[in-house]
Amino acid sequence: MKTLALALASTLVALPASAGVYVNVENNASYTGSDYQSAVTDFHVGYEGTVDKLGYYVQGGPAAVAVDGADSDTRLSGKVGANIAATEKLDFYGELSVLTADSDTNDDNAWGTKLGAKYSF
């Protein structure tokens with residue numbers, strides 16, 4: 001996985017700045033009622049572009065994971081996504097994300113998906 005992350009990072013660094021390279025910092029926290037459960041903060045470098053009506057992006061980098069009652073931990077995370085304009089008012093989108101498992105456990109990587117449609121009036 002580290003080899004994949006290094007290859008992605010070196011590819012993104014080699015791309016010209018005008019080609020859609022960006023930095024994205026995002027925090028996702030989880031609560032049950034008012035009880036804090038966990039938070040993941042992604043520090044990603046990404047690339048986005050378009051081909052006709054298709055927009056796409058790929059991003060990845062370290063993720064700081066803070067679980068209530070446990071030591072914080074740094075892992076790798078990444079996302080790939082796309083959206084397509086079906087009509088002038090209707091878009092469809094999707095995303096696949098991954099967060100590597102804690103190296104101190106036998107857990108599996110955490111995968112996520114997002115699918116949706118957006119209609120503008």
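This is a tour of a predicted model, moving from the sheet to the salt bridges and then to the aromatic rings.

Before selecting anything, note that residues are numbered from 1 along each chain as its sequence is written. Because the model is predicted, local features need pLDDT of at least 70 and side-chain atom pairs count only at pLDDT 80 or more, whereas totals for chains, interfaces and linings use all residues, and side-chain values use heavy atoms, with hydrogens and water left out.

**The sheet**

Begin with the strands, which are DSSP runs of E with at least two residues, numbered from the N terminus. Six of them make an open sheet in the order β1-β2-β3-β4-β5-β6, with antiparallel pairing, where two strands pair if DSSP finds at least two bridges between them. The edges are held by β1 (21-32) and β6, each of which has a single partner strand, so one side of each is left without a neighbour in the sheet. From one strand to the next the twist averages 20 degrees, taken between axes that are lines fitted to C-alpha atoms, with angles running from 0 to 180 degrees between N-to-C directions.

Select β1 together with strand β2 (residues 35-51), and you will find an antiparallel pair with twelve bridges, in which Asn-24 has His-44 of β2 as its bridge partner. These two strands form a hairpin with two residues between them, and Gly-33 in the turn has a positive phi of about 65 degrees.

Next, select strand β3 (residues 54-67) and β4, which pair in the antiparallel sense over twelve bridges; here Ala-63 stands opposite Arg-75 in β4. Moving on, β4 (residues 73-85) pairs with β5 (residues 90-99) over nine bridges, again antiparallel, and the two form a hairpin with four residues between them. Within this pair, Val-80 has Leu-96 in β5 as its bridge partner.

Finally for the sheet, β5 is joined to strand β6 (residues 110-119) by ten bridges, and the strands run antiparallel, with Ser-97 bridged to Gly-112 in β6. In the loop between β5 and β6, pick out Asp-104, whose relative accessibility of 71% counts as exposed.

**The salt bridges**

How many salt bridges does a search of the whole structure find? There are two, the criterion being a side-chain nitrogen of Lys or Arg within 4 Å of a carboxyl oxygen of Asp or Glu. Select Glu-26 and Lys-79, whose side chains meet at 2.8 Å, N to O. Glu-26 lies in strand β1 and Lys-79 in strand β4, so the pair ties together parts that are 53 residues apart in sequence. Lys-79 is buried at 13% relative accessible area, while Glu-26 is partly exposed at 27%; buried means under 20%, exposed over 50% and partly exposed in between, with a 1.4 Å probe and protein chains only.

Then select Arg-75 and Asp-73, which form a salt bridge with their closest N and O atoms 2.7 Å apart; Arg-75 and Asp-73 are both buried.

**The aromatic rings**

Three aromatic pairs are found in the whole structure, counting rings of Phe, Tyr and Trp (its six-membered ring) with centres within 6.5 Å, where planes under 30 degrees apart are stacked, over 60 edge-to-face and the rest tilted. One of them joins Tyr-47 and Tyr-56, with centres 6.3 Å apart and planes at 45 degrees, so the pair is tilted. Tyr-56 is partly exposed at 29% relative accessible area.

Last, select Tyr-119 and Phe-121, an edge-to-face pair at 5.1 Å centre to centre with 75 degrees between the planes. Phe-121 is exposed at 87% relative accessibility, and Tyr-119 is partly exposed at 47%.
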